[in-house]
Amino acid sequence: MVVGVLALQGSFNEHIAVLKRLGVKGVEVRKPEQLLNVSSLIIPGGESTTMAKLAELHNLFPALREFVQMGKPVWGTCAGLIFLANRATGQKTGGQKLIGGLDCTVHRNFFGSQIQSFETELPIPPVVAEEGGPPSFRAVFIRAPAILDVGPDVEVLADIPLSAIETINSNPAIPKEEDSTESGKKVIVAVKQGNLLATAFHPELTADTRWHSYFLKMVPEIEEGTSDIVSTSTSNQSFGARSTIDFPIYQ
């Protein structure tokens, strides 16, 4: 099994490093023909407008849309989530091209600017049911989007109460708790629909590999046989020991 990682811009190296830790080969994808040699694809976080312009420059959009329509597993993180959404709001003037396929509406930069990035303990019951480990995941949100609504075929994997985010009041795009008619209003940050997985946060920047393992098990070659992929969570890490991971991570 070979997993492609779209390598136009953003955290593609970090994703490839996590795949290596799980014993899976990850390859950089920059040209349409390179998609023919991979069984699945990760679209990493980065600057979505820049990534869209580079994808258009390399004529990648038709091949990426065909890859999705063929039913091959695709995971979008942060900017990758925006790419996979059928609908996006909060875009820059003129908008940007989307791959589509995921029946949801995404708000670009929902949580604010770069300085409003944050980390939080995120409950992930569906992933824990598959991968085990602690009931929550230390999620890293960097200038992050959020999912405003989903279609009937979309499974919500994780959401966040708006009141739990300390930086929330500084972004007028986020409805404040006192302005909401619903107590405990939440925003969706991770979903799955068929062959598509999307997260608003960056699992590749943590020591916890459960999201990558969860995605890899969506690949037919893994589902049909016995998987040797074993995910690790932060509870299994020895913080006093020297890290052997290829890239810097947050623990």
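Mentor: The largest pocket holds about 210 Å³ of space. It is lined by 14 residues, and those closest to its centre are G46, E47, C78, I142 and R143. By class, the lining of the largest pocket has five nonpolar, six polar and three charged residues. Keep in mind that this is a predicted model.

Next, the aromatic rings. The count of aromatic pairs comes to 11. Take W211 and Y214: their ring centres are 6.1 Å apart and their planes meet at 70°, so this pair is edge-to-face, since over 60 degrees counts as edge-to-face. Both residues sit in helix α6 (residues 210-216), three residues apart, which means that about one helical turn separates W211 from Y214. W211 has 0% relative accessibility and therefore counts as buried. Y214, at 7% relative accessibility, is buried as well. Ring pairs also join W211 and Y214 with F110, F111, F118, F137, F141 and F201 in a cluster.

Last, a residue in a strand. V27 belongs to strand β2 (residues 25-29). Its relative accessible area is 22%, so V27 is partly exposed; the cut-off for buried is under 20%. Leaving aside residues up to four places away in sequence, V27 touches V2, V3, G4, V5, I16 and V38. One of these, I16, is 11 residues from V27 in sequence, and the C-alpha to C-alpha distance between V27 and I16 is 7.1 Å.

Note on methods
Residues numbered from 1 in each chain as written. Predicted model: local features only at pLDDT ≥ 70, side-chain atom pairs only at ≥ 80, totals over all residues. Heavy atoms only, no water. Phe/Tyr/Trp six-rings, centres within 6.5 Å; stacked < 30°, edge-to-face > 60°. Helix = DSSP H or I, 4+ residues; strand = E, 2+ residues; numbered from the N terminus. Buried < 20%, exposed > 50% of the residue type's maximum accessible area, 1.4 Å probe, protein only. 1 Å grid on protein atoms, 1.4 Å probe; cavity = no way out; pocket = protein on both sides within 12 Å on 5 of 7 lines; lining within 4 Å. Points joined across faces, edges and corners; volume = space filled by probe spheres on them. Nonpolar A, V, L, I, M, F, W, Y, C, P; charged D, E, K, R; others polar. Contact = heavy atoms within 4.5 Å.
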